[in-house]
Amino acid sequence: MKEKLDLVCPYTKEKIKYPVRGRYCRHFGCACLETIIAFHHLKRQWICPQCDSKVNEPYIDLFVYELLKDRTKSTTVYVEKDGNYEWA
Ligand SMILES: [Zn+2]
């Protein structure tokens, strides 16, 4: 089972620099840290741009962060449960 991962911020549609999600987010995709900070300025709340729920304990996904350093152009990757991945 491969899971598709878009390395694009769901809000700005730009490539993510620092991939963040909330500790309790149920999705695999991340939002950009900068977007979450911008949302915080606007709404005075930590809101996940991906699922629109409150971001509890946001953290940078280091696995996704490493992926972002691996390729500079591609923004879609398929990740398997064991951590193997394949660029689209
Ligand atoms: Zn979320």
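R44 sits in the loop between α1 (33-43) and β4 (59-60), where helices (H or I, at least four residues) and strands (E, at least two) are DSSP runs, numbered from the N terminus. Its backbone takes a positive phi of about 60°, although R44 is not a glycine. Is R44 buried or exposed? R44 counts as exposed because it has 8 C-beta neighbours inside 10 Å. The cut-offs behind that word are these: a residue is buried if 20 or more other C-beta atoms lie within 10 Å of its own, exposed if 12 or fewer, and partly exposed in between, with C-beta atoms placed from the backbone.

Before going further, please keep in mind that this is a predicted model: local features need pLDDT of at least 70, side-chain atom pairs count only at pLDDT 80 or more, and totals for chains, interfaces and linings use all residues. Residues are numbered from 1 along each chain as its sequence is written.

K13 also has a positive phi without being a glycine, here of about 65°. K13 is found in the loop between β1 and β2 (19-21). With 9 C-beta neighbours inside 10 Å, K13 counts as exposed.

Now let us step back to the whole chain. Two helices and six strands make up its secondary structure, and along the sequence they follow the pattern β-β-β-α-β-α-β-β. Does the radius of gyration agree with or depart from that of a compact globule? It agrees, because a compact globule of 88 residues would have a radius of gyration near 12 Å and the protein chain has 13 Å. The radius is taken over C-alpha atoms, and the globule rule is 2.2 Å times the number of residues to the power 0.38. Along the principal axes, the C-alpha atoms fill a box of roughly 40 × 25 × 15 Å. Of the 88 residues, 23% count as buried. Two residues are in contact if their C-beta atoms, placed from the backbone, lie within 7 Å; among contacts between residues at least 6 apart in sequence, 46% join residues at least 24 apart.

The strands can be taken sheet by sheet. Two strands pair if DSSP finds at least two bridges between them.

With 13 C-beta neighbours inside 10 Å, E3 counts as partly exposed. Leaving aside neighbours within four places in sequence, E3 is in contact with F28, Y78 and V79. E3 and S74 are 71 residues apart in sequence and 16 Å apart in space, C-alpha to C-alpha.

V79 has Y85 as its bridge partner in β6. The hairpin of β5 and β6 has four residues between the strands, and G83 takes a positive phi near 95° there.

Another open sheet of three strands has the order β3-β2-β4, with antiparallel pairing. Here β3 (31-32) and β4 are the edge strands, each pairing on one side only. Two bridges join β2 to β4, and V20 has I60 as its bridge partner in β4.

Which residues make up the largest nonpolar core? The eleven residues are C9, I16, V20, C25, C30, A31, C32, I36, C48, V55 and V64. A nonpolar core is a set of buried Ala, Val, Leu, Ile, Met, Phe, Trp, Tyr and Cys residues joined through C-beta atoms within 7 Å. For V55, the contacts beyond its neighbours within four places in sequence are G22, I36, W46, I47 and C48.
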